[in-house]
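Welcome! Here is a short briefing to read alongside the sequence and the 3D view.

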Amino acid sequence: MTSFDVSGRKAIVTGGTRGLGMGMAEALLEAGAEVVIFGSGESAKAVAEEFRGRGFACHGLIVDLADAAARGAGFDAALALLGGRLDILVTAAGVQKRHKSEEFPLEDFDAVLEVNLTSVFDLCQRAARVMLPQGRGKIVNIASLLSFFGGLTVPAYAASKGGIAQLTKALANEWASQGICVNAIAPGYMATDMNTALLADAGRNAEITARIPARRWGVADDMKGPLLFLASEASDYVNGAILPVDGGYLGR
Ligand SMILES: NC(=O)c1ccc[n+]([C@@H]2O[C@H](COP(=O)([O-])OP(=O)(O)OC[C@H]3O[C@@H](n4cnc5c(N)ncnc54)[C@H](O)[C@@H]3O)[C@@H](O)[C@H]2O)c1
């Protein structure tokens, strides 16, 4: 029988302190997994404590994903908390910076690439070194519609998310035969802190909503089913896929 069961599985979710990452961490916790959430600030501890208060097996670590040394130490600390096993990695942390391309500061470009792409490769590599000897594992990266579109005033974000789609395929090609499934979810327009400016702009908001076949923005809960599919045995023959969760936006 097909199994969507992830109970007892050990997971790391970056960006698990809010927004889509928090929704996906919650999905795994509700389904019985043990989860370490990474966040850039104190909220990592507070959110994990809140989850523990609900009876879930959750740990919070403050890990600045822009800092390579902190990433390595954070990964090792998470693995120790999980007893040396890692079944699921979800790389949901991400940043956005907006400037006209001709004015885009190089340091902002580098900062976006570091968190959105380089840190994802680093964590996938670290995860694979644990999952390969286990003979199985699930990696779910978070792509974007900007993995497909170029957008306006977001060249670094578009480059990083285009990179996530390609990285996901590249890693899937090497690791699929060894039991590791690497896939990505490409969320559409989701109502989170990342989109505060767009949500507040009534004109743009209406324009965007009108183009979404489902006629609404997505919410963190919309990520739960797709994530459980990609994190469980149900998706064992799915490799290198970029799954849009966008209310149909890409199809228009
Ligand atoms: N909201 C959307 O419409 C949308 C659409 C497509 C893709 N995405 C992607 O989904 C993911 C989650 O986005 P969201 O909307 O929930 O955003 P959000 O801003 O609510 O959350 C981003 C998360 O990333 C973490 N983070 C950022 N920089 C970090 C750093 N240096 N170190 C550690 N953690 C860091 C934050 O702590 C936070 O938990 C991102 O990868 C984003 O690019 C979002």
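Helices (H or I, at least four residues) and strands (E, at least two) are DSSP runs, numbered from the N terminus. Residues are numbered from 1 along each chain as its sequence is written. This is a predicted model, in which local features need pLDDT of at least 70 and side-chain atom pairs count only at pLDDT 80 or more, while totals for chains, interfaces and linings use all residues.

- Most residues other than glycine have a negative phi.
- R215 is not a glycine, yet its phi is positive, at about 60°.
- To find R215, look in the loop between α7 (202-211) and α8 (224-231).
- Burial is judged by counting other C-beta atoms, placed from the backbone, within 10 Å of a residue's own: 20 or more means buried, 12 or fewer exposed, and anything in between partly exposed.
- R215 has 10 such atoms within 10 Å, so R215 is exposed.
- T153 also is not a glycine and has a positive phi, of about 65°.
- The loop between β5 (137-142) and α5 (155-175) holds T153, which is partly exposed because 13 other C-beta atoms lie within 10 Å.

**The nonpolar core**

- A nonpolar core is a set of buried Ala, Val, Leu, Ile, Met, Phe, Trp, Tyr and Cys residues joined through C-beta atoms within 7 Å.
- The largest one has 70 residues, and those touching the most other members are V13, M24, L28, V35, I37 and L227.
- Helix α4 (residues 106-134) supplies the largest share of this core, nine residues.
- Two residues are in contact if their C-beta atoms, placed from the backbone, lie within 7 Å.
- Leaving out residues up to four places away in sequence, V13 touches G21, M24, A25, L28, V35, I37, V90 and A92.

**Helices α4 and α5**

- Axes are lines fitted to C-alpha atoms, for helices over the stretch in contact, and angles run from 0 to 180 degrees between N-to-C directions.
- The axes of α4 and α5 are 9 Å apart, and the helices pack at an angle of about 15°.
- Angles under 35 degrees count as roughly parallel, over 145 as roughly antiparallel, 65 to 115 as roughly perpendicular and the rest as oblique.
- α4 and α5 are therefore roughly parallel to each other.
- Among the residues making the contact are F109, L113 and F121 of α4 and Y157, I164 and W175 of α5.
- For classes, Ala, Val, Leu, Ile, Met, Phe, Trp, Tyr, Cys and Pro count as nonpolar, Asp, Glu, Lys and Arg as charged, and the others, Gly among them, as polar.
- The contact of α4 with α5 has 15 nonpolar, three polar and two charged residues.

**Helix α8 and its surroundings**

- P226, L227, L228, L230 and A231 are buried in α8.
- These buried residues pack against α1 (19-30), β4 (88-91), β5, β6 (180-187) and β7 (242-245).
- The axes of α1 and α8 cross at roughly 60° and come within 9 Å, so the two helices are oblique to each other.
- G23, M24, A27 and L28 in α1 meet K224, L227, L228 and A231 in α8.
- That contact of α1 with α8 has six nonpolar, one polar and one charged residues.

**A glycine in strand β3**

- G60 lies in β3 (residues 58-62) and counts as buried because there are 25 C-beta neighbours inside 10 Å.
- Not counting residues up to four places away in sequence, G60 touches I37, G39, A44, K45, V47 and A48.
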